Amino acid sequence: MNAAAVMDPHPTIIRPTDKISTAARFIMEKRYRSLPVVDENGCYLGVFGVNCLLKQVLPNAALIEKGLTNVSFIHDSLAELHERFREFGNQPVSICISNDIKTIAPDTPLIETLLLLYTHRASIPVVEPGSCKLLGMISYWDVGKKILAS
Amino acid sequence: MRETMLFGFDPAWYAGLLFVATYVLVMTEQLNRAVVSVTAACLMIIGGVLTQQAAFEGVDFNTLGLLTGMMMIVGLAKNSGIFQFLAIWSAKRVKADPWGILVMLVMVTAVLSALLDNVTTVLLIAPVTLLITDTLKINAYPYLFAEIFASNIGGTATLIGDPPNIMIGSAVGLGFNDFLFNLAPVVVVILAVTLLIFYLFWGRSLQADPALQAKVMEYRERDAITDPRLLKQSLAVLFLVMMGFIFGHDLGLQPATVAMFGASLLLIVHNLKHTAAEESASIHKTFCEVEWTTLFFFIGLFIVVYGVERTGLLEKIAHHIIELTGGDRNVTAISILWVSAVASAIIDNIPFVATMIPLIKNMAATFGANGELMPLWWSLALGSCLGGNGSLVGASANLIVAGFAERSGQPIHFGKFMLGAFPLMLLSIFISTLYLQWRYF
C-alpha cells in the first residue's frame, strides 16, 4: 500500500490569482485548514491556509524570529482585526503561499505517509516525481476512512 | 615558558604567527570565533610557548565571572517583561509622538545598555520598536539606527556596559565608580550631540497619523509584565548588584564576586516556591541563557594574548609605539583613542582590547605606573566601545538589530549604514578627544 492508494485524486484547489478574501471565505465556509494552490498548468505551488490569514492580522513584530513573545498589552477589537484583514483581502493568493509542507511521491509507503501526516499535522500534497504536477491530496480523513473500511 | 619549543621554533615568531592567524580567522568569520580562539590557545600550549598551568594564569576569571553573572541575572530578569514595559511606557510618555518616541527609546536603550549588556538590551527593545513603527506606519530605520548608537554609547559609560570596559576594569583593577566618574560625563555629551544630529536628519520628517498614535496610546504597558513576582525580585537583586559594584570595590570585592552572588541570590529567591522539578528546570534554563561560546572565545583569547605577552613581543611593540609618538603621553593617548575607534569599527573589539591591555601595561616603564597610564586606559575604553558604531559589524548589538530589520522586511544595508554611522562615530571620537585633553592633560 502506498500514498497513491489513499490520496484524494480530485482535491479542491485554488489558483494563485484568486483573491485572498475569496479564498478565505471558501476555507472558512468549508472548514479547511489549508488548500493546495495550483496554476493553470496543474503545477503545484504550495498551500494557502488559515495560518496565513492569522499571520496577516497579527503584528509582524511577533511573527519574526526572536520577535515579541508576549503581545498581551495589545487589545485590538474584532472590528480592528477585520479592518486589518480588509487591507490585504484584495491581494492575490500568490502572496500568501506556504511551502512548509513537504510533498510526497505517489509511491511513498503508507507508514511513511502516516508519519508525515503526524509530523506536519496537515494534509499532504502528492506530486508527480520529476515535475510539479499535483496528483492528489492526502488528509487524515482519507486515510482514516480507508483504514476503517478495510 | 616551556624549556623546549616544538620543532625548535622561535617562541616569538610562533606565538606572533599564531596570534595573527587567530585574528584573521576571527575577522573572516570562516570558523566560529570560540573554536578559533580555543584551538589557538591549545596550539600555544602544544607548541611550547606556555605550559597548561601558565596558560590558565593568563585567563582573567574576573571578566568571565562578571560576564557569566550578568548574563544569568539578565537571562532570568528578561522573562518578567520589564524591557517591553519600559519601551511601551516611554512611547506613551511622549503621547506616541514619533520624534519623542525616538528620543525616549534612545534614552531607555542607553541606560539599559549601561547597566546590562548591549545585546540583551537591543534583543528586547528592537521588536517593540518594530511593533510601534508598524502601528504608526512609519519607517523603522531611524529608530533602529538610533538604538544601535544608543546601545554602544550607553555601554561606554560603565564598567559593566561593554566587554572592553569589563576587560580593562578587571586588568587594571578599576571599579564601577572609576568608569562612571571618568566616562559617564563625556557619554552624556556624546549622546546629546548624537540626538541633535538625529533631529537635524530625521526630526521634522518623522510624522504619524494621530489616529495611529491613538492606537499606540491604547497599549496597556502593565500587561507586558508577565511575572510581577520575578520583576520585583530582579529589580531588588539588580539594585543590590549595583550597590555591590559601587561600594564593593573599596571593600576588596571584585565585580565577578558581586555579579555571581547576585545571580545565585536571584536563582534562590526565584525558586523558593517552586517544586524540585520546577527548580531544576528553571535553573537549567537560566544556565542555558549564558553565552558559552562568548565565554570560551574570551578564555582562548586570554591564553593566546598571554602567550604572545610572555614571549616579550608586546613589550617590543609597545616600545615601537612610544617611539612613534615621541614618548609623549598625550599623543600616545589620542593615538590609542583614534586607532581603537577605527579598528573597532572594522574588527571585533574584544581581541583588539585583549591585545592592547598588556601593550599599555608595558608602557608603564616609560610613562610611570601611578595613575599616569589612566588617560591611556580611558582612551582605549572610549575608542573601542564607541568605535563599534562605525559599521554594521562593529558590535554584536549592531548585527542583532540588523537581523531584526532584515526579518521585518526593512533591511539595514552595510554601505548605507556606514555612510551615516562612520562620520557620526568619528564625531563622538572627536568629542572624546576634546574631553581627554580638557580633563587629563
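Predicted model: local features only at pLDDT ≥ 70, side-chain atom pairs only at ≥ 80, totals over all residues.
Buried means under 20% relative accessible area, exposed over 50%, and partly exposed in between (1.4 Å probe, protein chains only). Strands (E, at least two residues) and helices (H or I, at least four) are DSSP runs, numbered from the N terminus.

β3(A) runs antiparallel to strand β4 (residues 134-138) of chain A, and 4 bridges join them; pairing requires at least two DSSP bridges. The two strands form a hairpin with 6 residues between them, and Gly130(A) in the turn has a positive phi of about 80°. Because 4 of the 5 residues of β4(A) are buried, this strand is largely enclosed by the rest of the structure.

On chain B, Leu43(B) lies in helix α2 (residues 33-46). Leu43(B) counts as partly exposed because its relative accessibility is 35%.

Residues are numbered from 1 along each chain as its sequence is written, and chains are lettered from A and ligands numbered from 1 in the order in which they are written. Local features need pLDDT of at least 70, side-chain atom pairs count only at pLDDT 80 or more, totals for chains, interfaces and linings use all residues, and side-chain values use heavy atoms, leaving out hydrogens and water.
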